[in-house]
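Please look through the sequence and the model shown here before reading on.

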Amino acid sequence: MTVHELSRRDARRLAVRAQLLDADRPSGMFDVVRRLTLLQNDPTAAVARSADLVLWSRLGSTYSPAQLRDALDEQALLELHGFVRPPEDLALFRAEMAEWPGRPPLRDWQEGLRDWVDANNGCRLDILARLRSDGPLSSRELPDTCVVSWRSSGWTNNRNVTKMIDFLVQRGEVAAAGRRGADRLWDLAERVYPDEAVPYEEACRIRAERRLRALGIARPRAPESAGEPNDVGTVGEPAVVEGVNGQWRVHPELLDQEFTGRAALLSPLDRLVYDRRRMTELFEYDYQLEMYKPAAKRRWGYWALPILYGDRLVGKLDATADRRAGVLRVDAIHQDVALTRAMTNAVRNEIEELARWLGLKLALAS
């Protein structure tokens, strides 16, 4: 098989096109979710929720966050492990759920999760019975009859119902079923998920193929990532990138296509930048999400948005949506490269469009 030889620019353009961030915008929300395969449904809303930012950056201001909320409430889109996915893709996860907490040999931490659920099987059955009779329900409406409390050093300590629901979702017994106000609702997975199930090995291959189609270019193996892998195994075709060590895999249908770029403001959790190693290797871009750092140690801001221009990541936007004051407050535009007048105008237009989409006035730092 031919090994494709790519420049960094070729690789970047492949990644940008695959992520629907070139000038050829997609047709609508469902098209975006199916092409990207997932949206990370993180609740942080310093500017806007990540899933909404991802959709806005692709669709522009024709997108409204109400569209995503309605789709989830109506189960036209489904949430699994904190990711919004098209409902037909759930069939690709059912076999994996049936083998929870994983295929042998299990690691120590997997055995620990299994043992905790087994020790609290009575609570598991109580939750399932309550959902069967009265669901959908919020976690606050479900019984805590655990005999062994969940222990951790973090916020989940003693939150037995929260952890049990998490594991029941992973086991394919419980599923997210919309919201009631701010409360997420849960129901039996059999009422939410489609009946189809794809065999384990075939499902892993299809998921890897869809992941590569969404990323354009990826490593055969990459560091482990919570929720969704960043690697693709042997699917696609082999490639090397000039100036970058090691092998890559590329989606052949995306090669040799015309590229016209544009400016875009990205969520810090956008898949174009989520794999920080891939981001560094292909885009030569320095970025970290700094919301967990003390304010004095932040270089770019609490929820700084990466700035894309064409096939380059050219800076970061330090902005906060102050909804009480009715303003989008821009504290800084950090430039990784010197912006030309055309680049400056394009980025400024995106910032103004973001403020309009949020329904806020733009307040620039002096």
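**Charged pairs, a domain boundary and a serine**

At 41% relative accessibility, E88 counts as partly exposed, a class that lies between buried (under 20% relative accessible area) and exposed (over 50%), computed with a 1.4 Å probe on protein chains only. This is a predicted model, in which local features need pLDDT of at least 70 and side-chain atom pairs count only at pLDDT 80 or more, while totals for chains, interfaces and linings use all residues. Residues are numbered from 1 along each chain as its sequence is written, and side-chain values use heavy atoms, with hydrogens and water left out.

Side chains of opposite charge can pair when their charged atoms come close. The side chain of E88 meets that of R34 in a salt bridge, with N and O 2.6 Å apart; the term stands for a side-chain nitrogen of Lys or Arg within 4 Å of a carboxyl oxygen of Asp or Glu. Because R34 belongs to helix α2 (residues 29–36) and E88 to the loop between β4 (83–85) and α5 (94–98), this pair ties together parts that are 54 residues apart in sequence. Helices (H or I, at least four residues) and strands (E, at least two) are DSSP runs, numbered from the N terminus. R34 is partly exposed, with a relative accessible area of 34%.

The structure holds 31 salt bridges, and one of them joins the side chains of E224 and R107 at 3.3 Å, N to O. E224 lies in the loop between β8 (217–218) and β9 (237–241), and R107 in the loop between α5 and α6 (108–119), so this pair ties together parts that are 117 residues apart in sequence. E224 is exposed at 68% relative accessible area, whereas R107 is partly exposed at 45%. Another salt bridge, between E281 and R277, has its closest N and O atoms 3.4 Å apart, and both residues lie in helix α12 (residues 276–283), four residues apart, about one turn of the helix. Here E281 is buried, with a relative accessible area of 17%, while R277 is partly exposed at 43%.

The domain assignment gives domain 1 (4–46 + 63–81 + 198–254), domain 2 (87–191) and domain 3 (263–364), with bounds that come from an automatic or database assignment. Where domain 1 meets domain 2, 21 residues of the one are in contact (heavy atoms within 4.5 Å) with 21 residues of the other. The area buried between these two domains is about 1900 Å², of which carbon and sulfur atoms give 53%; buried area is the accessible area (1.4 Å probe) that two parts lose on being put together, summed over both. In domain 1, L80, Y200 and R207 lose the most area to domain 2, together 33% of what that side buries. The count between domain 1 and domain 2 is six salt bridges.

The last stop is S267, which lies in the loop between β11 (263–265) and α11 (271–274). Is S267 buried or exposed? S267 is buried, with a relative accessible area of 0%. Its side chain joins that of S50 in a polar contact of 2.7 Å, meaning a pair of N or O atoms within 3.5 Å, where within protein one must be able to donate a hydrogen and the other to accept it, and residues adjacent in sequence count only if both atoms are side-chain atoms. The side chain of S267 also reaches the backbone nitrogen of L269 at 3.0 Å.
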